[in-house]
Amino acid sequence: KSLFVVADNMRDGIDRLKLNSQDAEAIRLISAGSVTVGDADGQTDRGGDTKVINLGGTQTIKSNIDAGGEDLEIVADDIDLRGTLRSSGANLTVRGRIPDNAMIIGDIAGNIAPIQDNKVDPTTSLHIDRNELNNIQGGFDTVQIGQAAGANGIWLLSENKDNTISFKDNTVLNADGIGGEIYVGGDLTAPDLTFRGSGNTT
């Protein structure tokens, strides 16, 4: 059994949903536009294998999500991660809605060369800032950012190169499709870090 929700925001005016499965059954949410998951900061929504897909707009996660040891996947044009994500021993995937959606991890403010040189546009990218990265709790088996065969660029950017970007769990950065690239603009730490690029990793 699973909880399956299709939210047509454009028609029904839905802008916020609370997801909770007391028996830890699978949760699937497909939203036609921007939507907020959770109704209170600090509250925890619980379920099993969880997948949240936005067909357009920003996915805001306001409450904490605990998938109870099952996999968790978030798909959107951009995310606003205000709550924590946890699921001990499971896999977390965060990816753009379309395969060539650029992703930025880290900073976008300040004198950052790829942004200043118009190589990546933060206004059209899926951005995971430092606070959001910290909200991804330790204990996942693997955190995958990007997708297989993705032509997206993944940009790891630091305003200050001495300010390390840190991943708590084993992390895979995936941009191995034609035209995909991974750019490292600062120091990184992780228990294990895997780059899957198309050969354009710098």
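I began with Asp77, which counts as partly exposed because its relative accessibility is 21%, and the cut-off for buried is under 20%. I kept in mind from the start that this is a predicted model, and that each value I note here was computed from it. Next I looked for what Asp77 pairs with, and I found a salt bridge with Arg97, in which the closest N and O atoms are 2.9 Å apart. The two residues belong to distant parts of the chain, 20 residues apart, since Asp77 sits in the loop between E9 and strand E10 (78–81), while Arg97 sits in the loop between E12 and strand E13 (103–106). I then checked the accessibility of Arg97, and at a relative accessible area of 33% this residue is partly exposed.

**The other salt bridges**

How many salt bridges does a search of the whole structure find? I noted four, and I followed up some of them in turn.

One of them joins Glu73 to Arg95, with the closest N and O atoms 2.9 Å apart. Glu73 belongs to strand E9 (residues 72–76) and Arg95 to strand E12 (residues 91–96), so this pair ties together parts that lie 22 residues apart in sequence.

I turned next to Arg130, which forms a salt bridge with Asp107, and here the closest N and O atoms are 2.9 Å apart. Because Arg130 lies in helix H3 (residues 130–134) and Asp107 in the loop between E13 and helix H2 (113–116), the pair ties together parts that are 23 residues apart in sequence. On accessibility I wrote down that Arg130 is partly exposed, with a relative accessible area of 23%, whereas Asp107 is buried, with a relative accessible area of 15%.

I then went looking for cavities, and the count came to two of 30 Å³ or more. The largest cavity has a volume of about 60 Å³. Which residues line the largest cavity? I listed Leu133, Ile136, Val143, Phe167, Lys168, Asp169 and Thr171. When I sorted this lining by class, I had four nonpolar residues, one polar residue and two charged residues.

**Backbone angles**

At 68% relative accessibility, Asn118 counts as exposed, because the cut-off for exposed is over 50%. For Ala149, phi is near 65 degrees, and the residue lies in the loop between strand E15 (142–146) and strand E16 (153–157). Ala149 is exposed too, with a relative accessible area of 58%.

**The whole chain**

Last, I stepped back to the protein as a whole, and I counted three helices and 21 strands. The protein has 202 residues, of which 46% count as buried. Among contacts with a separation of 6 or more, I found that 48% come from residues 24 or more positions apart. The accessible surface comes to about 9,300 Å², and 43% of that surface belongs to carbon and sulfur atoms.

How values were computed. Residues are numbered from 1 along each chain as its sequence is written. This is a predicted model: local features need pLDDT of at least 70, side-chain atom pairs count only at pLDDT 80 or more; totals for chains, interfaces and linings use all residues. Side-chain values use heavy atoms; hydrogens and water are left out. A salt bridge is a side-chain nitrogen of Lys or Arg within 4 Å of a carboxyl oxygen of Asp or Glu. Helices (H or I, at least four residues) and strands (E, at least two) are DSSP runs, numbered from the N terminus. Buried means under 20% relative accessible area, exposed over 50%, partly exposed in between (1.4 Å probe, protein chains only). On a 1 Å grid over the protein atoms alone, a cavity is a set of points where a 1.4 Å probe fits but cannot get out, and a pocket is an open set with protein on both sides within 12 Å along at least five of seven lines; lining residues have an atom within 4 Å of a point. Grid points are joined across faces, edges and corners, and a volume is the space filled by probe spheres set on the points. Ala, Val, Leu, Ile, Met, Phe, Trp, Tyr, Cys and Pro count as nonpolar, Asp, Glu, Lys and Arg as charged, and the others, Gly among them, as polar. Contact means heavy atoms within 4.5 Å. Accessible areas come from the Shrake-Rupley method with a 1.4 Å probe; for residues, only the protein chains shown count as cover.
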